[in-house]
Amino acid sequence: GDLPSLSSWFDRVGSLPECRRAQLRVLQGRGVEMLKMFLQKQPNPQTQRRETPSSSSECASEEGERVFSSAEIEEAARVWSEGLRDSAAGHTERTHPILPQEGKRNVLVTSALPYVNNVPHLGNIIGCVLSADVFARYGRVRGWRLLYVCGTDEYGTATENKAREEKLTPQQICDKYHRIHREIYRWFQIDFDYFGRTTTDKQTQIAQDIFWRLHERGFLQEDTVEQLRCETCARFLADRFVEGVCPHCRYPEARGDQCDKCGRLINAVELRDPQCKVCKETPVIRSSKHLFLDLPKLESDLEQWLDGSSGSWTSNARNITLSWLRDGLKPRCITRDLQWGTPVPHPDYKEKVPEEEERELFRGSAVNISLMLRSPLQVFYVWFDAPIGYLSITANYTDQWEKWWKNPQQVELYNFMAKDNVPFHSVVFPCSLLGAQDNYTLVNNLVATEYLNYEDTKFSKSRGVGVFGDQAEQTGIPSDVWRFYLLYLRPENQDANFSWSDLALKNNSELLNNLGNFINRAGMFVSKFFEGSVPAMLLNEDDKRLIAAVQWELKQYIQLMDRVRIRDALKCILNISRHGNQYIQVNEPWKRIKGGELDRQRAAAVTGVSVNVCVLLSALLEPFMPSTSRTIRAQFNAPPTCVSASLQGGGAFLCSLPAGHRIATVSPLFQKLESDHIESLRKTFAGQQADRVRALKAQKAEKAVIGEEVSKLLKLKEQLSLAEGNTPAPPQKGRKK
């Protein structure tokens, strides 16, 4: 009575035919109590804000459910009812070597070669090999001719430094850590077609061939470079053999190439108070002759290529590349004074290349300290040499490697990496291949992530900050759960933060309560109510509407994955299981099975449609959680063609399990991560922060630097105290002297 206009509006809306039909369907003549019951069955709103692909004409509103037309609903139901065709191609086993084929979509996938000198952390894994693995698995299911290669980057200063630390030869270090990398990626289910390494004869042959082609075409120049030299060790100090105070932020442990704290690139001679990492003496500045790639001479060729190739790159990759071009390209040094690397074959540098017996001694089993400390030799700088590793690794996989790497007309190349590797893959490496003028395949899709941080701080291989690959296995959390959480966090547009509490939350809410709950309930209904056999499905409008909603999410998934929007595609999978949970909750098959004939028919239809949604989910999960995907298909005894049939072309939600299909034993897919387990893990890894504080104090670092690390330590202690149910102790005031 107080709001007559609003009351009148409700009366008008309530008289509309659509509203009256909805009222009859929901209330069923039982008034407000039925409405209350209906609302109580609805799940809590969990709106997913996500962009829909701009290429799609079927865009949903930014929030809320998409409304489907009658034609869309009927078409989705028609496609679904066709089921799996006998001719549908299954996911066939790969036969090696995989080579491009005329008339096929030929896709070459690489992930940035991990440094061999240490164990990869979670940020390395999601930024490179895991993201590439998801895309490669997806492409194989789609029927592409796809080759995924990677390997360890084994030459350079990092390896020499690690060899000194562990009192091994560089070759021994490479062998040791190559095995560690291989085992970690195996545990994370990274499905390389070939995982190689750069310390091979093929690497030397191909790198030196590209070098000579650049030299013959006038794209190399010589210049003198100022470097730090340690007179005690009688050697020039390569970037990672020197540490000092950062000239930008005054961090006391900045390396000779980059500061870990502020992230700025550094020229080693700019460091304040530099120290040789081997003997701790102060080096002096000396000059040394080096070779440079003449990037200014190649700039116009690079820009022309970028204009036609960089449109599908990630935005950060484009922006970083454009910033280099805006500043104007400068000659880039491609040689270093080291011993462990691909030799520079130019005759003017012959005296810097080791004799063969010396190189063999350097690779051998005995640690020859005098040889390791002698004056360095001239080898290729790692960022000229390492990307060539993609070619040499492929050449070690197949002697027909040029069909991939000298075939730009037929091959699409996808490079996966973190954003700090972009300039070398978008400027330096393409310029090397363009200058070689040998019809090389250049990157079509450069896919770069932002950074993944660990509990509000940075991962650091050199300082042991964060969770590393071998430690993930030791937590007892399955690799599929690790894959899911890292991909859920994947830093596609901005930096992301790993958090133990968030890992538990996502596992318990999204995997256990959403995805796992739906799949387990659907399977249990078949086992309990229909003796393990999929019942007949007489579809009504609610069923068809669900099928249309699932079909739409499937198409979004495919469009997103085609554009390497991996994180958003994962949200489509979770949206489908949310639709399924809501569908079961509203229709209550556990109640209807006890009713009359019509109610039992309804329970049968809901159960049959639900288990078919489960099979589709198994197909969509294959790139993300391969073990879980296989387990779902095994539990539902799904036909082998269900995965490829669902994802061919534009995607189709099909009835894979017809009436009469018998399923196997259904069991829970996921386990709850209990708070005491998570807090124990957090406590285990939080101890590293105290070690960093003690180290900084021992080094007499600046008070501001120590203070920042102490603040992080106190924050971690506070989080731990709260998790244990204790009241955090108040901060102590400094003692009076």
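I began with helix H16 and found it mostly covered, with 14 of its 15 residues buried. I note that the model is a predicted one.

I then checked the length of H16, which runs over residues 422-436. At 1.5 Å a residue its 15 residues should span 21 Å, and the end C-alpha atoms are 21 Å apart, so the two values agree. I also looked for a bend and recorded a kink of about 30° in H16, centred on Pro430.

I traced an open sheet of 5 strands in the order S3-S2-S1-S13-S14, with parallel pairing. Which strands stand at the edges? I found strand S3 (194-197) and strand S14 (445-449) there; each has a single partner strand, so one side of each is left without a neighbour in the sheet. I noted that the twist averages 20° from one strand to the next.

I followed the pairing of S3 with strand S2 (residues 145-152), which is parallel and has 4 bridges. In this region I saw Gly151 opposite Gly196 in S3.

My last entry concerns Gly608, which I located in helix H23 (residues 597-621). Is Gly608 buried or exposed? Its relative accessibility is 0%, and the cut-off for buried is under 20%, so Gly608 counts as buried. Setting aside neighbours within four places in sequence, I listed its contacts as Val534, Pro535 and Met537. I also looked up Leu538: it lies 70 residues from Gly608 in sequence, while their C-alpha atoms are 9.5 Å apart in space.

Notes: Residues numbered from 1 in each chain as written. Predicted model: local features only at pLDDT ≥ 70, side-chain atom pairs only at ≥ 80, totals over all residues. Heavy atoms only, no water. Helix = DSSP H or I, 4+ residues; strand = E, 2+ residues; numbered from the N terminus. Buried < 20%, exposed > 50% of the residue type's maximum accessible area, 1.4 Å probe, protein only. Contact = heavy atoms within 4.5 Å. Pairing = 2+ DSSP bridges. Axes fitted to C-alpha atoms, helices over the stretch in contact; angles between N-to-C directions. Expected span 1.5 Å × (residues − 1). Bend = angle between axes of the 7 residues up to and from the residue.
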